[in-house]
Amino acid sequence: MEDNQISLTDKITSKSARVAIIGMGYVGLPLSVAIAQAGFKVTGIDLDKEKVSKLNDGESYISDIETPVVKELAKAGLLSATTDFSVIKEVDIVSICVPTPLSEMREPDISYVRSAANEVAKYLKCGQLIILESTTYPGTTEEVILPILEESGLTVGKDFYLAFSPERVDPGNKTYGIKNTPKIVGGVTQTCTKVAEQFYGQFIERVVPVSSTRAAEMTKLLENIFRCVNIALVNELMLLCDRMDINIWEVIDAASTKPFGFMPFFPGPGLGGHCIPIDPFYLSWKARQYDFHTEFIELAGKTNESIPYYVVSKVGEALNSHEKSIKGSNILILGIAYKKDIGDTRESPALKIIALLEKLGAQIAYHDPYVAEEIIGTKTYKSVELTPEVVQESDCVLIVTDHSSVDYSLIAENARLIVDTRNKLKNFVGNHIIHI
Ligand SMILES: NC(=O)c1ccc[n+]([C@@H]2O[C@H](COP(=O)([O-])OP(=O)(O)OC[C@H]3O[C@@H](n4cnc5c(N)ncnc54)[C@H](O)[C@@H]3O)[C@@H](O)[C@H]2O)c1
């Protein structure tokens with residue numbers, strides 16, 4: 001073993017290794033907390049001054065992480081934050097958790113990853129382990145990050161270590177968190193994999209090494225593409241079932257009784273979040289360099305993108321049955337986050353649905369216990385309180401996000417008309433409830 005490896009391994013096993021996390025968002029903050037809870041001293045680096053000052057005041061801004069947890073770690077000196085990248089020269093391990101969105105032309109925008117890597121390169125020193133956690137196309141770690149880091153003159157696998165380890169966090173999931181979700185690790189060299197495996201093994205129950213950074217990058221994409229394609233499949237069957245007057249939800253429940261070879265996916269108002277609608281297109285883009293067209297991904301994207309339009313048509317049909325038009329109707333949207341029990345509205349289908357309904361002349365209000373305010377287009381919406389009066393005054397209530405804390409009986413009992421995209425009212429009867 002090289003001296004650098006021995007020294008880093010010793011620091012990892014004694015928990016004296018210092019860690020920096022670049023990007024303290026939905027991924028970076030929970031990761032920092034898990035590492036700090038294991039006894040490592042963690043410094044979060046973010047460009048967002050507000051996040052940095054909140055963390056240093058011991059305050060959380062992510063619903064999965066409770067403020068007292070951050071407070072305790074900050075007080076113990078295990079968690080702090082800064083906007084100053086020079087802290088990298090004092091740490092042993094750097095994890096990069098910055099955004100990987102799509103550009104306007106729906107191509108990978110890895111400018112955040114590149115910019116973080118440039119900052120790391122400025123302070124890179126012997127014996128450091130650098131890990132990329134952002135979801136990205138196969139090849140990013142070795143084709144983008146490695147050349148930037150090697151400009152320092154240091155050699156990977158000998159002077160410093162570089163690995164890719166995808167984040168699998170599922171916001172709002174109370175059963176599986178960072179510690180009990182197996183972690184995939186692929187290093188540029190075998191030593192890189194070993195050191196990264198050792199690090200994650202300190203706070204994650206099971207670490208799964210793979211043969212390369214590209215295999216690790218592809219693993220994460222397979223997981224998200226699997227979801228994207230299966231959601232599209234069930235959404236397409238929902239459209240057909242609607243036309244054939246078959247209840248898709250009943251069919252899924254029945255199929256789910258098969259103890260093998262079937263995994264239920266559920267239809268909904270459309271895809272949302274920072275991952276499933278975006279990540280598959282990272283692979284489609286890369287595939288084109290290999291003269292390969294990822295047709296499943298394209299088709300799934302097309303189907304999923306059409307669903308908000310279908311939801312709007314269902315609202316139109318529902319209002320029509322009450323001799324009303326979308327134009328001039330008061331429509332109450334229930335839930336605008338992209339999934340239940342979280343406040344993240346990125347890529348949320350609710351935003352598209354609201355914009356479409358507004359364009360058709362509807363008056364829109366929304367209630368979301370996790371999102372107090374949202375700007376859609378040029379308009380700022382504020383969450384309204386969910387009272388019997390508000391529900392009674394609406395021409396139609398559209399359930400988009402099935403938050404657990406909402407009183408659905410209040411909706412079922414007071415609404416004149418309901419379009420339910422989540423089968424939340426399956427136990428309520430009445431002609432005023434329309435399931436998609
Ligand atoms: N949110 C999820 O559920 C989830 C799950 C798995 C993987 N991922 C992936 O993890 C990555 C991060 O996603 P997220 O949801 O945490 O994003 P986020 O937007 O919540 O957080 C990213 C943070 O990085 C900061 N940032 C941006 N550029 C920076 C830079 N150059 N230097 C320092 N800080 C910078 C931003 O201010 C922000 O606080 C993405 O690649 C995403 O695809 C996300």
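The following legends describe close-up views of a predicted model.

Residue numbers start from 1 along each chain as its sequence is written. In this predicted model, local features require pLDDT of at least 70 and side-chain atom pairs count only at pLDDT 80 or more, while totals for chains, interfaces and linings use all residues.

View 1. Contact between the domains involves 14 residues of domain 1 and 15 residues of domain 2, where two residues are in contact if their C-beta atoms, placed from the backbone, lie within 7 Å. On the side of domain 1 that touches domain 2, seven residues are nonpolar, five polar and two charged. In this classification Ala, Val, Leu, Ile, Met, Phe, Trp, Tyr, Cys and Pro are nonpolar, Asp, Glu, Lys and Arg are charged, and the others, Gly among them, are polar.

View 2. Helices (H or I, at least four residues) and strands (E, at least two) are DSSP runs, numbered from the N terminus.

**View 3. The open sheet of eight strands.** The strand order is β3-β2-β1-β4-β5-β6-β7-β8, with mixed pairing; two strands pair if DSSP finds at least two bridges between them. Strands β3 (79-82) and β8 (207-209) form the edges, each pairing on one side only. On average, neighbouring strands of this sheet are turned by 25° against each other, direction ignored. Axes are lines fitted to C-alpha atoms, for helices over the stretch in contact, and angles run from 0 to 180 degrees between N-to-C directions. Helix α6 (residues 140-150) packs on the sheet, where it touches β5 (129-132) and β6 (161-164), and its direction makes about 155° with that of β6.

**View 4. Strand β5 and its partner β4.** Strand β4 (residues 93-96) runs parallel to β5 and is joined to it by four bridges. Ser95 stands opposite Ile131 in β5. Leu129 and Ile131 point one way from β5, Ile130 and Leu132 point the other way, and all are buried. A residue is buried if 20 or more other C-beta atoms lie within 10 Å of its own, exposed if 12 or fewer, and partly exposed in between, with C-beta atoms placed from the backbone.

**View 5. The surroundings of Glu217.** Glu217 belongs to helix α8 (residues 213-244). Glu217 counts as buried because it has 29 C-beta neighbours inside 10 Å. Not counting residues up to four places away in sequence, Glu217 touches Thr136, Tyr137, Pro138, Thr140, Thr141 and Phe164. Leu283 is 66 residues from Glu217 along the chain, and their C-alpha atoms are separated by 9.9 Å.

**View 6. The open sheet of five strands.** The strands follow the order β10-β9-β13-β14-β15, with parallel pairing. At the edges stand β10 (363-367) and β15 (433-435), each pairing on one side only. Neighbouring strands of this sheet are turned by 20° against each other on average, direction ignored. Strand β14 (residues 418-420) and β15 run parallel and are joined by three bridges; Val419 has Ile434 in β15 as its bridge partner.
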